[in-house]
Amino acid sequence: MKQPKSDLLVDYLDEKLSPEERSEIEYMVQHDTNAANDLAYLKLAIETVRLNAIARKVITVRQSLNATTYALPPTKPVAVRHMFRTNLRIAAVFVLLFCSAVLYKYISVSNQSVYKNQFIPYELSNMRGTENRNPEAEAYRNKNWNLVIDLYGNDKVKSNKSNFLAAMSELQLSHYTEAEILFQKVLNNASENNSFQEEAEYYCALAYLMNHKEAKGIGMLNKIKSDTSHRYYPMVSKISGIDLKIIELKK
Amino acid sequence: MNKKTNISDSELIEAICASGTLEQAIVQLYEDHGTITRSFIMGKGGTEQDAEDIFQETIVSFIDTVQKGKFRQESGIRTFLISISKNLWYNEIRRRQRAGNREKLYVADFEPGDAILDDVIGNRELKQLLSQMLNDLGESCKKILELFYYENLSMKEIVSHMHYENEQVVRNKKYKCLQQLTDKMKQDPDTAKQINELIF
(Lines give C-alpha, C1' and ligand atoms only; values in the text may rest on other atoms or scores of the structure.)
Protein backbone atom coordinates (compact mmCIF):
# COMPACT_ATOMS: atom_id res chain seq x y z
CA MET A 1 0.00 0.00 0.00
CA LYS A 2 1.29 3.37 -0.97
CA GLN A 3 2.10 5.66 1.99
CA PRO A 4 0.12 8.93 2.15
CA LYS A 5 2.08 11.97 0.98
CA SER A 6 2.08 13.72 4.34
CA ASP A 7 3.54 10.66 6.08
CA LEU A 8 6.31 10.55 3.50
CA LEU A 9 7.05 14.21 4.15
CA VAL A 10 7.27 13.50 7.89
CA ASP A 11 9.60 10.57 7.24
CA TYR A 12 11.64 12.81 5.00
CA LEU A 13 12.03 15.33 7.83
CA ASP A 14 12.75 12.52 10.29
CA GLU A 15 15.48 11.25 7.92
CA LYS A 16 13.89 7.84 7.73
CA LEU A 17 13.97 7.55 3.95
CA SER A 18 16.53 5.95 1.70
CA PRO A 19 18.57 8.22 -0.59
CA GLU A 20 16.32 7.27 -3.52
CA GLU A 21 13.16 8.06 -1.59
CA ARG A 22 14.66 11.37 -0.43
CA SER A 23 15.41 12.31 -4.03
CA GLU A 24 11.83 11.49 -4.99
CA ILE A 25 10.47 13.73 -2.22
CA GLU A 26 12.81 16.55 -3.14
CA TYR A 27 11.71 16.28 -6.76
CA MET A 28 8.06 16.29 -5.67
CA VAL A 29 8.52 19.36 -3.45
CA GLN A 30 10.20 21.22 -6.30
CA HIS A 31 7.35 20.51 -8.70
CA ASP A 32 4.30 20.38 -6.44
CA THR A 33 3.34 23.61 -4.65
CA ASN A 34 0.99 21.80 -2.30
CA ALA A 35 3.74 19.38 -1.28
CA ALA A 36 6.14 22.26 -0.76
CA ASN A 37 3.48 24.03 1.28
CA ASP A 38 2.86 20.93 3.41
CA LEU A 39 6.57 20.46 3.99
CA ALA A 40 6.94 24.09 5.10
CA TYR A 41 4.07 23.69 7.56
CA LEU A 42 5.58 20.49 8.95
CA LYS A 43 8.94 22.20 9.41
CA LEU A 44 7.23 25.03 11.24
CA ALA A 45 5.33 22.56 13.42
CA ILE A 46 8.55 20.77 14.38
CA GLU A 47 10.24 24.10 15.03
CA THR A 48 7.33 25.01 17.31
CA VAL A 49 7.79 21.75 19.21
CA ARG A 50 11.49 22.49 19.71
CA LEU A 51 10.94 26.06 20.89
CA ASN A 52 8.16 24.93 23.19
CA ALA A 53 10.41 22.30 24.76
CA ILE A 54 13.17 24.86 25.34
CA ALA A 55 10.67 27.34 26.76
CA ARG A 56 9.31 24.70 29.12
CA LYS A 57 12.81 24.00 30.46
CA VAL A 58 13.55 27.71 30.85
CA ILE A 59 10.25 28.29 32.65
CA THR A 60 10.98 25.40 35.01
CA VAL A 61 14.40 26.84 35.88
CA ARG A 62 12.99 30.36 36.21
CA GLN A 63 10.32 29.14 38.60
CA SER A 64 12.84 27.26 40.71
CA LEU A 65 15.11 30.30 40.81
CA ASN A 66 12.22 32.55 41.77
CA ALA A 67 11.27 30.09 44.48
CA THR A 68 14.83 30.16 45.79
CA THR A 69 15.03 33.92 45.60
CA TYR A 70 11.64 34.86 46.96
CA ALA A 71 10.55 31.92 49.11
CA LEU A 72 12.53 33.04 52.10
CA PRO A 73 11.13 32.42 55.54
CA PRO A 74 8.82 35.33 56.29
CA THR A 75 10.72 36.18 59.41
CA LYS A 76 13.99 36.76 57.63
CA PRO A 77 13.32 40.20 56.13
CA VAL A 78 11.85 41.22 59.48
CA ALA A 79 14.96 39.96 61.22
CA VAL A 80 17.15 41.91 58.85
CA ARG A 81 15.07 45.02 59.38
CA HIS A 82 15.13 44.45 63.12
CA MET A 83 18.89 44.03 63.08
CA PHE A 84 19.18 47.12 60.95
CA ARG A 85 17.03 49.07 63.39
CA THR A 86 18.99 47.76 66.37
CA ASN A 87 22.25 48.71 64.72
CA LEU A 88 20.84 52.13 63.95
CA ARG A 89 19.81 52.56 67.56
CA ILE A 90 23.23 51.51 68.80
CA ALA A 91 24.86 53.88 66.32
CA ALA A 92 22.53 56.67 67.39
CA VAL A 93 23.37 56.07 71.05
CA PHE A 94 27.07 56.16 70.23
CA VAL A 95 26.66 59.35 68.24
CA LEU A 96 24.67 60.88 71.08
CA LEU A 97 27.25 59.82 73.65
CA PHE A 98 30.04 61.12 71.47
CA CYS A 99 28.29 64.45 70.93
CA SER A 100 27.54 64.71 74.65
CA ALA A 101 31.17 63.98 75.47
CA VAL A 102 32.36 66.61 73.00
CA LEU A 103 29.90 69.16 74.37
CA TYR A 104 30.84 68.37 77.96
CA LYS A 105 34.51 68.64 77.09
CA TYR A 106 33.98 71.95 75.36
CA ILE A 107 32.00 73.36 78.25
CA SER A 108 34.22 72.00 81.01
CA VAL A 109 37.61 72.91 79.58
CA SER A 110 38.68 76.47 80.28
CA ASN A 111 41.69 78.51 81.32
CA GLN A 112 40.61 78.07 84.91
CA SER A 113 40.23 74.30 84.67
CA VAL A 114 43.67 73.86 83.16
CA TYR A 115 45.13 76.15 85.78
CA LYS A 116 43.34 74.28 88.54
CA ASN A 117 44.59 70.93 87.30
CA GLN A 118 48.12 72.10 86.68
CA PHE A 119 48.84 74.38 89.58
CA ILE A 120 50.77 72.78 92.38
CA PRO A 121 52.22 74.95 95.13
CA TYR A 122 55.91 75.40 94.75
CA GLU A 123 57.72 73.72 97.68
CA LEU A 124 60.81 75.64 98.43
CA SER A 125 62.36 73.25 100.89
CA ASN A 126 61.91 70.30 98.61
CA MET A 127 63.61 72.09 95.79
CA ARG A 128 66.58 73.63 97.39
CA GLY A 129 67.53 71.51 100.31
CA THR A 130 69.91 73.02 102.82
CA GLU A 131 70.09 76.62 101.75
CA ASN A 132 70.80 79.56 104.00
CA ARG A 133 67.58 80.66 105.53
CA ASN A 134 66.31 84.12 104.74
CA PRO A 135 63.13 85.96 105.83
CA GLU A 136 61.45 85.68 102.41
CA ALA A 137 62.09 81.96 102.21
CA GLU A 138 60.92 81.53 105.75
CA ALA A 139 57.73 83.47 105.09
CA TYR A 140 57.17 81.45 101.91
CA ARG A 141 57.54 78.19 103.79
CA ASN A 142 55.03 79.50 106.28
CA LYS A 143 52.72 80.35 103.39
CA ASN A 144 52.64 83.92 104.50
CA TRP A 145 52.21 85.26 100.99
CA ASN A 146 51.62 88.88 101.92
CA LEU A 147 54.77 88.95 104.04
CA VAL A 148 56.79 87.49 101.19
CA ILE A 149 55.51 90.28 98.93
CA ASP A 150 56.25 92.93 101.55
CA LEU A 151 59.77 91.65 102.16
CA TYR A 152 60.30 91.49 98.40
CA GLY A 153 59.29 95.14 98.17
CA ASN A 154 61.97 96.03 100.70
CA ASP A 155 64.69 94.10 98.91
CA LYS A 156 67.37 96.35 97.46
CA VAL A 157 68.78 93.64 95.25
CA LYS A 158 66.18 91.43 93.67
CA SER A 159 67.48 88.00 92.79
CA ASN A 160 65.75 85.43 90.61
CA LYS A 161 64.84 83.60 93.77
CA SER A 162 63.19 86.64 95.41
CA ASN A 163 61.43 87.50 92.14
CA PHE A 164 60.19 83.94 91.81
CA LEU A 165 59.01 83.61 95.43
CA ALA A 166 57.20 86.93 95.21
CA ALA A 167 55.63 85.84 91.90
CA MET A 168 54.49 82.56 93.42
CA SER A 169 53.04 84.46 96.40
CA GLU A 170 51.11 86.73 94.01
CA LEU A 171 49.89 83.63 92.21
CA GLN A 172 48.73 82.16 95.51
CA LEU A 173 46.79 85.34 96.13
CA SER A 174 45.29 85.18 92.65
CA HIS A 175 47.12 88.35 91.59
CA TYR A 176 47.86 86.99 88.17
CA THR A 177 48.98 90.22 86.54
CA GLU A 178 51.50 90.95 89.25
CA ALA A 179 52.69 87.36 89.19
CA GLU A 180 53.17 87.50 85.44
CA ILE A 181 55.33 90.63 85.70
CA LEU A 182 57.53 89.05 88.35
CA PHE A 183 57.90 85.78 86.40
CA GLN A 184 58.90 87.87 83.38
CA LYS A 185 61.66 89.41 85.48
CA VAL A 186 63.02 85.94 86.24
CA LEU A 187 62.81 84.91 82.60
CA ASN A 188 64.52 88.09 81.50
CA ASN A 189 67.38 87.42 83.85
CA ALA A 190 68.66 84.15 82.55
CA SER A 191 72.24 85.12 83.29
CA GLU A 192 71.91 84.21 86.94
CA ASN A 193 73.01 80.60 86.41
CA ASN A 194 69.64 79.99 84.82
CA SER A 195 68.19 79.64 88.29
CA PHE A 196 64.39 79.41 88.53
CA GLN A 197 64.12 79.67 84.73
CA GLU A 198 62.22 76.44 84.21
CA GLU A 199 60.01 77.03 87.23
CA ALA A 200 59.26 80.55 86.05
CA GLU A 201 58.39 79.28 82.54
CA TYR A 202 55.85 76.83 83.85
CA TYR A 203 54.15 79.14 86.35
CA CYS A 204 54.31 82.09 84.02
CA ALA A 205 52.46 80.02 81.40
CA LEU A 206 49.73 79.38 83.94
CA ALA A 207 49.66 83.08 84.84
CA TYR A 208 49.27 83.93 81.15
CA LEU A 209 46.25 81.62 80.91
CA MET A 210 44.62 83.28 83.91
CA ASN A 211 45.35 86.71 82.41
CA HIS A 212 43.57 85.60 79.21
CA LYS A 213 46.78 85.68 77.26
CA GLU A 214 46.01 82.23 75.86
CA ALA A 215 48.35 82.41 72.88
CA LYS A 216 51.35 83.22 75.07
CA GLY A 217 50.41 80.69 77.71
CA ILE A 218 49.80 77.85 75.22
CA GLY A 219 52.97 78.78 73.34
CA MET A 220 54.99 78.48 76.51
CA LEU A 221 53.33 75.21 77.52
CA ASN A 222 54.02 73.75 74.06
CA LYS A 223 57.64 74.81 74.36
CA ILE A 224 57.93 72.88 77.64
CA LYS A 225 56.06 69.95 76.07
CA SER A 226 58.63 69.74 73.29
CA ASP A 227 61.51 69.56 75.76
CA THR A 228 61.56 66.18 77.48
CA SER A 229 64.44 67.28 79.73
CA HIS A 230 62.46 70.23 81.06
CA ARG A 231 61.80 69.99 84.76
CA TYR A 232 58.07 70.49 84.23
CA TYR A 233 57.75 68.27 81.15
CA PRO A 234 56.01 65.48 83.11
CA MET A 235 53.41 67.97 84.27
CA VAL A 236 52.82 69.67 80.92
CA SER A 237 52.73 66.41 78.97
CA LYS A 238 49.59 65.54 80.89
CA ILE A 239 47.75 68.49 79.37
CA SER A 240 45.66 67.27 76.45
CA GLY A 241 46.27 68.94 73.10
CA ILE A 242 42.50 68.98 72.67
CA ASP A 243 42.15 70.99 75.87
CA LEU A 244 44.63 73.57 74.60
CA LYS A 245 42.73 73.71 71.25
CA ILE A 246 39.47 74.28 73.07
CA ILE A 247 41.03 77.11 75.05
CA GLU A 248 42.25 78.62 71.80
CA LEU A 249 38.77 78.29 70.28
CA LYS A 250 37.13 79.88 73.25
CA LYS A 251 39.52 82.80 73.15
CA MET B 1 21.37 36.59 40.61
CA ASN B 2 24.01 39.24 40.41
CA LYS B 3 27.20 37.31 40.61
CA LYS B 4 29.34 36.60 37.58
CA THR B 5 30.71 33.10 37.65
CA ASN B 6 34.00 31.88 36.31
CA ILE B 7 32.39 29.79 33.56
CA SER B 8 33.54 30.99 30.17
CA ASP B 9 31.26 31.63 27.22
CA SER B 10 32.65 28.55 25.46
CA GLU B 11 31.89 26.32 28.44
CA LEU B 12 28.38 27.69 28.57
CA ILE B 13 27.86 26.98 24.88
CA GLU B 14 29.10 23.42 25.43
CA ALA B 15 26.68 22.99 28.32
CA ILE B 16 23.79 24.17 26.16
CA CYS B 17 24.64 21.72 23.41
CA ALA B 18 25.48 18.71 25.58
CA SER B 19 22.74 16.39 26.77
CA GLY B 20 21.82 16.65 30.45
CA THR B 21 23.46 19.98 31.19
CA LEU B 22 20.95 22.39 29.67
CA GLU B 23 19.18 23.15 32.96
CA GLN B 24 22.50 24.05 34.59
CA ALA B 25 23.32 26.27 31.62
CA ILE B 26 19.98 28.07 31.97
CA VAL B 27 20.69 28.69 35.66
CA GLN B 28 24.07 30.06 34.65
CA LEU B 29 22.52 32.35 32.05
CA TYR B 30 20.12 33.72 34.64
CA GLU B 31 22.86 34.19 37.23
CA ASP B 32 25.44 35.70 34.92
CA HIS B 33 23.32 37.83 32.62
CA GLY B 34 19.86 38.10 34.15
CA THR B 35 20.28 41.27 36.16
CA ILE B 36 21.94 43.41 33.54
CA THR B 37 19.59 42.33 30.76
CA ARG B 38 16.49 42.88 32.84
CA SER B 39 17.85 46.24 34.04
CA PHE B 40 18.15 47.24 30.42
CA ILE B 41 14.47 46.46 29.76
CA MET B 42 13.37 48.26 32.91
CA GLY B 43 15.55 51.21 31.92
CA LYS B 44 13.63 51.35 28.65
CA GLY B 45 10.24 51.65 30.25
CA GLY B 46 9.46 47.98 30.88
CA THR B 47 7.99 46.74 34.11
CA GLU B 48 9.66 44.06 36.22
CA GLN B 49 7.27 41.53 34.72
CA ASP B 50 8.08 42.72 31.18
CA ALA B 51 11.77 42.35 31.96
CA GLU B 52 11.27 38.81 33.32
CA ASP B 53 9.22 37.75 30.30
CA ILE B 54 11.52 39.29 27.73
CA PHE B 55 14.57 37.74 29.36
CA GLN B 56 12.89 34.34 29.43
CA GLU B 57 12.10 34.66 25.74
CA THR B 58 15.64 35.86 25.09
CA ILE B 59 17.08 32.74 26.68
CA VAL B 60 14.77 30.50 24.66
CA SER B 61 15.85 32.20 21.45
CA PHE B 62 19.50 32.08 22.45
CA ILE B 63 19.41 28.36 23.28
CA ASP B 64 17.63 27.66 20.01
CA THR B 65 20.31 29.61 18.12
CA VAL B 66 23.14 27.82 19.90
CA GLN B 67 21.62 24.35 19.47
CA LYS B 68 21.18 25.00 15.77
CA GLY B 69 24.86 25.94 15.58
CA LYS B 70 24.03 29.47 14.47
CA PHE B 71 25.76 31.33 17.32
CA ARG B 72 29.04 32.50 15.85
CA GLN B 73 30.63 33.67 19.14
CA GLU B 74 31.90 36.79 17.39
CA SER B 75 30.29 38.76 20.16
CA GLY B 76 30.13 37.66 23.78
CA ILE B 77 27.05 35.94 25.13
CA ARG B 78 26.05 39.00 27.15
CA THR B 79 26.22 41.31 24.15
CA PHE B 80 24.17 38.85 22.12
CA LEU B 81 21.57 38.44 24.87
CA ILE B 82 21.20 42.18 25.27
CA SER B 83 20.77 42.56 21.50
CA ILE B 84 18.03 39.92 21.49
CA SER B 85 16.32 41.48 24.51
CA LYS B 86 16.54 44.93 23.01
CA ASN B 87 14.94 43.86 19.75
CA LEU B 88 12.30 41.75 21.46
CA TRP B 89 11.40 44.68 23.67
CA TYR B 90 11.19 47.16 20.79
CA ASN B 91 8.99 44.75 18.87
CA GLU B 92 6.81 44.45 21.95
CA ILE B 93 6.56 48.23 22.25
CA ARG B 94 5.47 48.45 18.62
CA ARG B 95 2.91 45.72 19.17
CA ARG B 96 1.48 47.59 22.13
CA GLN B 97 1.42 50.79 20.11
CA ARG B 98 -0.55 49.04 17.39
CA ALA B 99 -2.89 47.74 20.08
CA GLY B 100 -3.48 51.35 21.12
CA ASN B 101 -1.67 51.23 24.42
CA ARG B 102 -0.36 54.64 25.31
CA GLU B 103 2.93 53.64 26.85
CA LYS B 104 6.09 55.62 27.10
CA LEU B 105 8.20 54.89 24.06
CA TYR B 106 11.84 54.03 24.06
CA VAL B 107 12.37 53.17 20.44
CA ALA B 108 14.46 56.16 19.42
CA ASP B 109 17.70 54.20 19.46
CA PHE B 110 16.27 51.09 17.87
CA GLU B 111 18.34 49.76 15.05
CA PRO B 112 17.45 46.69 13.03
CA GLY B 113 19.62 43.76 14.00
CA ASP B 114 21.72 41.67 11.70
CA ALA B 115 20.36 38.70 9.74
CA ILE B 116 21.01 36.22 12.55
CA LEU B 117 19.25 38.42 15.09
CA ASP B 118 16.27 38.90 12.81
CA ASP B 119 16.14 35.15 12.36
CA VAL B 120 16.43 34.55 16.10
CA ILE B 121 13.72 36.97 17.05
CA GLY B 122 11.46 36.12 14.14
CA ASN B 123 7.80 36.81 14.45
CA ARG B 124 7.09 36.82 18.17
CA GLU B 125 3.33 36.92 17.87
CA LEU B 126 3.29 34.05 15.38
CA LYS B 127 5.49 31.96 17.64
CA GLN B 128 3.12 32.55 20.52
CA LEU B 129 0.13 31.54 18.40
CA LEU B 130 1.83 28.34 17.26
CA SER B 131 2.86 27.53 20.80
CA GLN B 132 -0.73 27.89 21.90
CA MET B 133 -1.84 25.55 19.12
CA LEU B 134 0.67 22.95 20.24
CA ASN B 135 -0.56 23.23 23.82
CA ASP B 136 -4.11 22.79 22.57
CA LEU B 137 -3.19 19.35 21.19
CA GLY B 138 -3.03 17.98 24.72
CA GLU B 139 -0.28 16.69 26.96
CA SER B 140 0.27 13.28 25.34
CA CYS B 141 0.69 14.74 21.83
CA LYS B 142 2.97 17.45 23.11
CA LYS B 143 5.04 14.93 25.06
CA ILE B 144 5.53 12.53 22.17
CA LEU B 145 6.51 15.34 19.82
CA GLU B 146 8.92 16.85 22.34
CA LEU B 147 10.55 13.52 23.17
CA PHE B 148 11.07 12.75 19.52
CA TYR B 149 11.93 16.15 18.03
CA TYR B 150 13.67 17.82 20.96
CA GLU B 151 15.00 15.08 23.23
CA ASN B 152 15.87 12.95 20.17
CA LEU B 153 14.59 9.76 21.79
CA SER B 154 14.00 6.75 19.60
CA MET B 155 10.55 5.20 19.18
CA LYS B 156 11.64 2.37 21.43
CA GLU B 157 12.69 4.78 24.17
CA ILE B 158 9.42 6.70 23.88
CA VAL B 159 7.46 3.43 24.24
CA SER B 160 9.15 2.68 27.54
CA HIS B 161 8.97 6.28 28.62
CA MET B 162 5.25 6.74 27.98
CA HIS B 163 4.08 3.14 28.41
CA TYR B 164 2.61 2.66 24.94
CA GLU B 165 1.97 -0.83 23.56
CA ASN B 166 4.59 -0.75 20.86
CA GLU B 167 6.61 1.47 18.56
CA GLN B 168 4.01 1.46 15.81
CA VAL B 169 1.41 2.94 18.16
CA VAL B 170 3.81 5.73 19.03
CA ARG B 171 4.72 6.25 15.39
CA ASN B 172 1.06 6.57 14.41
CA LYS B 173 0.36 8.85 17.34
CA LYS B 174 3.27 11.09 16.36
CA TYR B 175 2.10 11.32 12.73
CA LYS B 176 -1.38 12.11 13.91
CA CYS B 177 -0.26 14.81 16.37
CA LEU B 178 1.97 16.49 13.82
CA GLN B 179 -0.84 16.41 11.28
CA GLN B 180 -3.24 17.93 13.79
CA LEU B 181 -0.84 20.75 14.46
CA THR B 182 -0.35 21.59 10.79
CA ASP B 183 -4.09 21.39 10.25
CA LYS B 184 -4.66 23.90 13.04
CA MET B 185 -2.11 26.21 11.42
CA LYS B 186 -3.80 26.00 8.07
CA GLN B 187 -7.31 26.36 9.45
CA ASP B 188 -6.75 29.59 11.32
CA PRO B 189 -6.86 32.29 8.63
CA ASP B 190 -4.74 34.86 10.46
CA THR B 191 -2.11 32.31 11.33
CA ALA B 192 -2.09 30.85 7.85
CA LYS B 193 -1.71 34.32 6.38
CA GLN B 194 1.23 35.11 8.64
CA ILE B 195 2.82 31.73 7.90
CA ASN B 196 2.41 32.18 4.17
CA GLU B 197 3.99 35.61 4.39
CA LEU B 198 6.85 34.09 6.35
CA ILE B 199 7.40 31.04 4.15
CA PHE B 200 6.73 32.30 0.65
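1. Chain A has 14 helices and 0 strands, where helices (H or I, at least four residues) and strands (E, at least two) are DSSP runs numbered from the N terminus. The model is a predicted one, in which local features need pLDDT of at least 70 and side-chain atom pairs count only at pLDDT 80 or more, while totals for chains, interfaces and linings use all residues. Residues are numbered from 1 along each chain as its sequence is written, chains are lettered from A in the order in which they are written, and side-chain values use heavy atoms, with hydrogens and water left out.

2. Of the 251 residues of chain A, 41% are buried, a term that stands for under 20% relative accessible area, taken with a 1.4 Å probe and protein chains only. The accessible surface of chain A (Shrake-Rupley method, 1.4 Å probe) is about 14,900 Å², and carbon and sulfur atoms hold 57% of that surface. Among the contacts in chain A with a separation of 6 or more, 55% join residues 24 or more positions apart, a contact being heavy atoms within 4.5 Å.

3. Chain B, in turn, comes to 10 helices and 0 strands. Buried residues account for 44% of its 200 residues, and the accessible surface of chain B is about 10,500 Å², with 48% of it belonging to carbon and sulfur atoms. For chain B, 62% of the contacts with a separation of 6 or more are between residues 24 or more positions apart.

4. Where the two chains meet, 33 residues from chain A and 42 residues from chain B take part in the contact. Together, chain A and chain B bury about 3,600 Å², of which 66% lies on carbon and sulfur atoms; this buried area is the accessible area (1.4 Å probe) that two parts lose on being put together, summed over both.

5. The rule finds 9 salt bridges across the interface of chain A and chain B, each being a side-chain nitrogen of Lys or Arg within 4 Å of a carboxyl oxygen of Asp or Glu. One of them links A:Lys57 with B:Glu151, whose closest N and O atoms are 3.2 Å apart.

6. On the side of chain A that touches chain B, α1 (5–13) and α3 (33–70) of chain A each supply at least two residues, and α3(A) gives the most, with 26 residues. The residues of that side divide into 17 nonpolar, 6 polar and 10 charged, where Ala, Val, Leu, Ile, Met, Phe, Trp, Tyr, Cys and Pro count as nonpolar, Asp, Glu, Lys and Arg as charged, and the others, Gly among them, as polar.

Methods: Buried < 20%, exposed > 50% of the residue type's maximum accessible area, 1.4 Å probe, protein only.
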